[in-house]
Amino acid sequence: MSKAKAVGPLLCWAIAACGGATGEWAGTVTDSAGVAIVQNPATGLWRGSSEWRVEETLRIGTAEGDPNYQFGTIAGLDVGADGSIYVLDQQAQHVRVYDSNGVYVRTIGRPGNGPGELSQAAGPVLVGRGDTVFVADGMNQRVNRYLPDGTPVGSFALPMTSGIATRWAHMPGGRFAQEQRPIPMPIPGAQATRMVHAVLVRGTDGAVLDTLLHLPEGKTIQAQGGSMQVRVFETEPLWDVWPDGSSASGVSTDYRIEIRGPDGRLERIVKRPFERQPVTQADQQTIRQALERLLEQQGAPPVARQMLLQSLTFAEHYPAFANLMAGPAGTLWVQHVQTAADVAASGEIDLQDLGAANWDVFDAEGRYLGVVRFPDRFNPLRFVGNDVYGVWRDELDVQHVMRLRVVGIGTDA
């Protein structure tokens, strides 16, 4: 039987720790077999000047000029111990390193499939202990390792037959968390094996040390009749990891996020009111038209545009959220979904990121604080302390690396 949990003193502490929020939290916390169920109201704790915001502190990139500052397709970035920024450009097939002020330092890797070389499917990049650089490369089915000066120092295998390695994150002790998704279609000539959707814990030598999370299968990419189908707005399992090894995960069918401690034990379930909205025929038409305009602007031939548009299907409802991130000071950040109305207003769509600029923020106890808005066309990739690093696209769709500072949080995380 669930029972009410005392929250008065803890709530006062949480308010003080989160930068002076002055509202009265109207949610409830109940205990279910040792798991705290945090049911949030629609309104957050922030009031007026207590609201957090982000300020730009660094931008790297240019549309013309020095090629060391031009990006094609950024597929990942990370930050070294000294604040150096490592950016993987899939189009260039290498990693560029910049100092903390955004000044170009060196290039790591080069195109190819030989030792230390990278394919156009490489990504992301991770900076481990001693600033050793790791670059996952799905096409070459391995993870390359480099010394800080860019010298290749071997690799470990990442066989496609085990599943598709997608998202990666840092774990305590220099380990990595890696999402492994089942392959939606059989691999010709490969022995059929049962694959699971999970988040694995890997050592720096590639060894699988543990399973962090078991995830349900995603539904965005599906195989039908020997071809791939993309279902726009389909629900997906999402996850992230805090520096202490705690994790957050949820399926975007519902606004329900599970928080696990470093030992993997479920500690908290965070909820917020949400009513899923239907994806109407008019919404589908808006998305298709925006995507067709984008493909035409990028020079895609008519046949390729038609094939991609024919591969699109749509979920019946919008998901409850687009993404989640483990933020500073134990906060949880949850991204709103970009609806057809948002696309119509901006005229832009990116099938790799259907998230909106607004993010809900919850404190370390799971209580809803309010909304932080990132710059339009900014995709956050990595929190480091109170800074968030990501990719920003200008009005010409040119990519830049951008660093933002979270203002109002109080103390550095």
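**Reading strands, burial and backbone angles**

Trainee: Which residue in S16 is the bridge partner of Trp168?

Mentor: Gln178 is the partner of Trp168 in S16. A strand here is a DSSP run (E, at least two residues), numbered from the N terminus. This is a predicted model, where local features need pLDDT of at least 70, side-chain atom pairs count only at pLDDT 80 or more, and totals for chains, interfaces and linings use all residues. Residues are numbered from 1 along each chain as its sequence is written, and side-chain values use heavy atoms, leaving out hydrogens and water.

Trainee: How many bridges join S15 to S16?

Mentor: Five, and the two strands run antiparallel. Two strands pair if DSSP finds at least two bridges between them. The open sheet has four strands in the order S15-S16-S17-S18, paired antiparallel. S15 (164-170) and S18 (208-214) each have a single partner strand, so one side of each lacks a neighbour in the sheet.

Trainee: What should I know about phi and peptide bonds?

Mentor: Most residues other than glycine have a negative phi, and most peptide bonds are trans. Here, Gln93 has a positive phi of about 60 degrees, although it is not a glycine; Asp131 also has a positive phi of about 60 degrees. The peptide bond from Gly123 to Pro124 is cis, with omega near 5 degrees, and Pro124 is in strand S11 (residues 122-127).

Trainee: Is Gln93 buried or exposed?

Mentor: Buried means under 20% relative accessible area, exposed over 50%, and partly exposed in between (1.4 Å probe, protein chains only). At 13%, Gln93 is buried, and Asp131 counts as buried at 15%. Gln93 lies in the loop between S6 (85-89) and S7 (94-98).
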